[in-house]
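Hello,

Here is the structure I said I would hand over. My notes on it follow below.

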Amino acid sequence: MRLRTQGFSLLEILLVLALLGILLGLFSANLSPSPQQQLNREAKRIQAVLQFAADEAVMQGLELALALPEQGYQILRFNPQELAWEALSDKAFLVHELPEGMRLDLSLQDQALSDNERQQLNRLKKQQSNGLPAPMVLLLSSGELSAFELRLSMAAINAESIIYSDGYSGVTLR
């Protein structure tokens, strides 16, 4: 007579653990976005922030601007009493750091900034008493905005997304 014990054998437990390990590995691989997905998500975020800022400028009667601090971007507001640009406290408009490996390049009215112009802008940034970066793209209360093209690129995948505006019809992503 054979005695039957209850429970699982060691082989059954190891098989279940191996299957769980494989499934968790596949699941975690899908959770981390690819570099192309990161680039697309960041481009959509920039486009949404700029469109939101343009809408806020019109709705609130504010003069806003896009500034490009090192490795990021933020929205500034012009204070007419102080005659100076100031940072906003709204979470959407605070400094947003780009993920590592991403770069933003700005062209205004189809004119790319030369290295000399970039150096001049960096000098202007250092001269500002409030320490804020210089405003680059204006978002006016009249509904107008500077014509611009922002190229968001990621060297690791040799890809880019372009956020642009002709100055009248909003901010578009292509």
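Which pattern does the protein follow, read along the sequence? The order is α-α-β-β-β-β-β-β-α-β-β-β-β, with 3 helices and 10 strands in the secondary structure. Helices (H or I, at least four residues) and strands (E, at least two) are DSSP runs, numbered from the N terminus.

This is a predicted model: local features need pLDDT of at least 70, side-chain atom pairs count only at pLDDT 80 or more, and totals for chains, interfaces and linings use all residues. Residues are numbered from 1 along each chain as its sequence is written, and side-chain values use heavy atoms, with hydrogens and water left out.

Of the 174 residues, 32% are buried (under 20% relative accessible area; exposed is over 50%, partly exposed in between; 1.4 Å probe, protein chains only). Among contacts (heavy atoms within 4.5 Å) between residues at least 6 apart in sequence, 60% join residues at least 24 apart.

Leu17 lies in helix α1, residues 10–31. Leu17 is exposed, at a relative accessible area of 51%.

The whole structure contains 2 aromatic pairs (ring centres of Phe, Tyr or Trp, the latter by its six-membered ring, within 6.5 Å; planes under 30 degrees apart are stacked, over 60 edge-to-face, the rest tilted). Phe78 and Trp85 have ring centres 5.3 Å apart and planes at 65 degrees, so the pair is edge-to-face. Phe78 is partly exposed at 26% relative accessibility, whereas Trp85 is buried at 17%.

Regards
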